[in-house]
Amino acid sequence: LDKEGFCVTAASAVEHGYKLNIIGLSRADGFKREWFLDRIAAMLDFVKALPPDSLILHVDAYDVLFNAPPHDLVSHLVTSEMGVIFSAEKGCCAPKKDLMNGRNVCDKSWPVPPVPTGM
């Protein structure tokens, strides 16, 4: 895992006290053949081995920054009174060069999230 984005994600997670479990490193061939489907299968295999009361935070590896410790996230989950929280990004995955030059390459047909996504 030598990608710059992953290092930033991992460093921010560790800095805020998260325990990282990198899922699927031993499944590289499946990832190449079936990409998203194998990612789901790898996550399912991982979850099956956990105690039933486990709290799981599944995030992307390359464009996520952790900005608060786990206890803040758990507190937010508990006070929301929801068992599961999903987040999504607006259809905007641009090359760094375009973003640095101020080009808006986001797909305008994607709706703006109805609820602010930051904590």
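User: Where is leucine 20 found in this predicted model?

Analyst: In this predicted model, leucine 20 sits in the loop between helix H1 (4-15) and helix H2 (28-48).

User: Why is leucine 20 called partly exposed?

Analyst: The relative accessible area of leucine 20 is 37%. Buried means under 20% and exposed means over 50%, with partly exposed in between. The value of 37% falls in between, so leucine 20 is partly exposed.

User: Which residues form a nonpolar patch on the surface with Leu20?

Analyst: The patch is made up of Val14, Leu20, Ile22 and Leu25. Together they have about 360 Å² of accessible area.

User: How many aromatic pairs are counted?

Analyst: The count comes to 1 aromatic pair. The rings belong to tyrosine 18 and phenylalanine 66.

User: What makes tyrosine 18 and phenylalanine 66 a pair, and why is the pair called tilted?

Analyst: Ring centres must lie within 6.5 Å, and these are 4.6 Å apart, so the rings pair. Planes under 30 degrees apart count as stacked and over 60 as edge-to-face. The planes here are at 45°, so the pair is tilted.

User: Which parts of the chain does the pair link?

Analyst: Tyrosine 18 is in the loop between H1 and H2, while phenylalanine 66 is in the loop between H2 and helix H3 (70-80). The two are 48 residues apart.

User: Are tyrosine 18 and phenylalanine 66 buried or exposed?

Analyst: Both tyrosine 18 and phenylalanine 66 are buried.

User: Why is asparagine 67 called exposed?

Analyst: Asparagine 67, in the loop between H2 and H3, has a relative accessible area of 64%. Exposed means over 50%, so asparagine 67 is exposed.

Technical notes: Residues are numbered from 1 along each chain as its sequence is written. This is a predicted model: local features need pLDDT of at least 70, side-chain atom pairs count only at pLDDT 80 or more; totals for chains, interfaces and linings use all residues. Side-chain values use heavy atoms; hydrogens and water are left out. Patches are made of residues with over 30% relative accessible area and no salt bridge: like charges are joined within 9 Å, nonpolar side chains (Val, Leu, Ile, Met, Phe, Trp, Tyr) within 5 Å. Accessible areas come from the Shrake-Rupley method with a 1.4 Å probe; for residues, only the protein chains shown count as cover. A salt bridge is a side-chain nitrogen of Lys or Arg within 4 Å of a carboxyl oxygen of Asp or Glu. Helices (H or I, at least four residues) and strands (E, at least two) are DSSP runs, numbered from the N terminus. Buried means under 20% relative accessible area, exposed over 50%, partly exposed in between (1.4 Å probe, protein chains only). Rings of Phe, Tyr and Trp (its six-membered ring) pair if their centres lie within 6.5 Å; planes under 30 degrees apart count as stacked, over 60 as edge-to-face and the rest as tilted.
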